[in-house]
Amino acid sequence: MVKRVGVIGSGFSGLAAAAYLAKEGCEVTVFEKNDTLGGRARKFEADGFTFDMGPSWYWMPEIFELFFSLFGKKPGDYYTLVRLDPSYEVVFGKNDVVSLPADYQSLRELFESLEKGSADKLDIFLADAEYKYRVGMDEFVWKPGHSILEFADFRVFQSLFKLQMLSSISSQIDNLFQNEKLRNILKFPVLFLGATPENTPALYSLMNYADLKLGTWYPMGGMYKVIDGFVEVARQQGVKFMTSAEVREIKVQNNLAQSVVTGEGEYSFDYIVASGDYHHVDQHLLPAGYRNYSTKYWSERTMAPSSLLFYLGLNTKLQGVQHHNLFFDRDFAVHANDIYTNPKWPEEPLFYMCVPSVTDPEVAPTGNENIFLLMPLAPGVEDNENLRDVYFNKMCARVKEIMNIDLRDNIVFKRSYCVKDFVKDYNAFKGNAYGLANTLKQTAFLKPKLRNKKLTNLYYTGQLTTPGPGVPPSIISGLVAAKEIIKTIKY
Ligand SMILES: Cc1cc2nc3c(=O)[nH]c(=O)nc-3n(C[C@H](O)[C@H](O)[C@H](O)COP(=O)(O)OP(=O)(O)OC[C@H]3O[C@@H](n4cnc5c(N)ncnc54)[C@H](O)[C@@H]3O)c2cc1C
């Protein structure tokens, strides 16, 4: 009997799960509340510009290769990847900018120039990070996290110590490197995981390996080309997509998730994969007796930050900017305090400026620049036009102060996006951008469970469950959820 599977949400996790389940013989329908596919990785087009709405860093190319290889394909069948060099630039102040070269020997020289003896330490740090990457990505991230027993295997247990699951990445870096700039550069990648380096296990120096050894890549045409590739693969496997189809309820019968209800009708399934934000599905789509967690549980979770974003079209080309520019010219600890400890709009924010048109002529009209400003923000804070404007001006003033460029002089397109939009567009708990933070207490089997505890045919996937936030983990999450379902069908 062909099993019918309903997937709620078309982000990377939903697409990965849908494609895999269809390949294994299931009849799969994806319900997406928005009118376009891709979730947080959607795009929009305006006045000749193409804006990726979410992810802009393409890291861990192996995970994308792995996904496509499951279907006999490769990334190159769908998009052209280029490795960025420099990978990115970190702005510490006026005339104080560090460019991270793609070439490892040049990177060693850069480290040595900032701190004598640090190149050798970098070798040691990255050898350890590579070990963590291999064990982490080959083993840990593929565990569904149902129970701690999955980690009881001696080899894995032994590696728990070597992987430094229980100490923080911040102390590991501070113990090795004295130079503040090097410390900040090495702590930056874990910000993708939504928590501070102090609260992130040292296991995640695997992100440094991904950053400094595997490289920063870019799919020409924009990150959305990757979504296009995933959708094409899914369609080839027979997946059906319904857009503008918000699921309003999951109906339950005989301890099974029976059907999903949209504005158009009710659709019955043998299995349901919930890839919309976990909190939303758990608290708003399920009847009270079938929720995995209480409101108290959710209120105690550390969510990853939300963001204030600006998508800008400029009718000029900028001098001296890179594709990825990190403005680390203020104290990170102060901004982190405003996100995690005393949630409020930050006094002195760090922010990120992405200029994909530096690499890619397709994303802006000739002679124009495509810009994306991102400022991490505490989830759940007040959001209004006035606040957005204040921070737009703050970011522009900083770019002007440091780069001598006033972005405001040449704007031909401007759109902002913030907490309220994350809630409205994605049903995001507190307007989070990146899901649940990967803190020491919210890692692996300590994350919200992939499986509903009472409804044996309901699975959750995406950036709020295992293995965590980010595009590669979301792809893995979708595949893990799909494989768990296939196990119950086949064995
Ligand atoms: C601004 C921003 C920048 C980022 N930058 C990077 C980066 O550079 N690199 C990186 O690796 N990661 C980045 N990330 C994180 C990455 O984009 C996410 O971790 C990943 O895309 C999440 O995929 P997902 O499938 O879990 O969730 P989503 O992409 O959110 O997909 C969930 C989908 O479910 C839909 N949905 C919700 N409720 C319902 C419902 N009731 N009915 C139907 N559909 C529903 C939503 O509309 C959405 O389409 C970024 C995220 C943001 C927001």
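N254 sits in the loop between β10 and β11 (256-261). In this predicted model, the phi angle of N254 is near 50 degrees, a positive value in a residue other than glycine. N254 has a relative accessible area of 71% and is therefore classed as exposed.

N95 belongs to the loop between β6 and β7. Its relative accessible area is 76%, so N95 is exposed.

## Cis peptide bonds

The peptide bond from D85 to P86 is cis, and its omega is near 5 degrees. P86 lies in the loop that runs between β5 (81-83) and β6.

T466 and P467 are likewise joined by a cis peptide bond, with omega about -5 degrees. P467 is placed in the loop between β19 and α15.

## The ligand and its surroundings

The ligand is surrounded by 39 residues, of which S13, E32, R40, W57 and Q463 are the closest. By class, this shell consists of 17 nonpolar, 17 polar and 5 charged residues.

In the side chain of E32, an N or O atom is 2.6 Å from an oxygen atom of the ligand. W57 contributes through its backbone, where an N or O atom lies 2.8 Å from a ligand oxygen atom. A nitrogen atom of the ligand lies 3.0 Å from a polar side-chain atom of N427. On its own the ligand has 1,000 Å² of accessible area, and the protein covers 97% of it. Two or more residues of the shell come from each of the elements α1 (12-23), α14 (419-426) and α15 (471-490).

## Nonpolar cores

The largest nonpolar core has 104 residues, and within it F67 and I475 touch the most other members. Neighbours within four places in sequence aside, I475 is in contact with F12, A16, I63, F64, F67 and F230. Another core, apart from this one, comprises 30 residues, including F351, L377, I402 and C418.

Helix α7 covers residues 180-187, and its buried residues are L182, R183, I185, L186 and K187. These residues pack against the strands β6 (88-93) and β7 (96-100) and against the helices α3 (104-114), α4 (118-138), α6 (169-176) and α8 (206-214). Where α7 starts, a side-chain oxygen of N179 comes within 2.8 Å of the backbone nitrogen of K181.

Helix α10, residues 278-285, is mostly covered, with 7 of its 8 residues buried. The buried residues are Y278, H279, H280, V281, D282, Q283 and L285. Their cover includes the strands β1 (4-8), β10 (249-253), β13 (271-274) and β19 (458-460), together with helix α11 (295-299).

N370 is part of strand β17, which spans residues 369-377. Buried residues have under 20% relative accessible area; N370 counts as buried because its relative accessibility is 2%.

A polar atom of the N370 side chain lies 3.1 Å from the backbone oxygen of V363. Residues up to four places away in sequence not counted, N370 touches F49, T50, F51, L312, C354, V355, P356, S357, V363 and A364.

Key:
Residues are numbered from 1 along each chain as its sequence is written. This is a predicted model: local features need pLDDT of at least 70, side-chain atom pairs count only at pLDDT 80 or more; totals for chains, interfaces and linings use all residues. Side-chain values use heavy atoms; hydrogens and water are left out. Buried means under 20% relative accessible area, exposed over 50%, partly exposed in between (1.4 Å probe, protein chains only). Helices (H or I, at least four residues) and strands (E, at least two) are DSSP runs, numbered from the N terminus. Contact means heavy atoms within 4.5 Å. A residue is near a molecule or strand if one of its heavy atoms lies within 4 Å of it. A polar contact is a pair of N or O atoms within 3.5 Å; within protein, one must be able to donate a hydrogen and the other to accept it, and residues adjacent in sequence count only if both atoms are side-chain atoms. Accessible areas come from the Shrake-Rupley method with a 1.4 Å probe; for residues, only the protein chains shown count as cover. Ala, Val, Leu, Ile, Met, Phe, Trp, Tyr, Cys and Pro count as nonpolar, Asp, Glu, Lys and Arg as charged, and the others, Gly among them, as polar. A nonpolar core is a set of buried Ala, Val, Leu, Ile, Met, Phe, Trp, Tyr and Cys residues joined through side-chain atoms within 4.5 Å.
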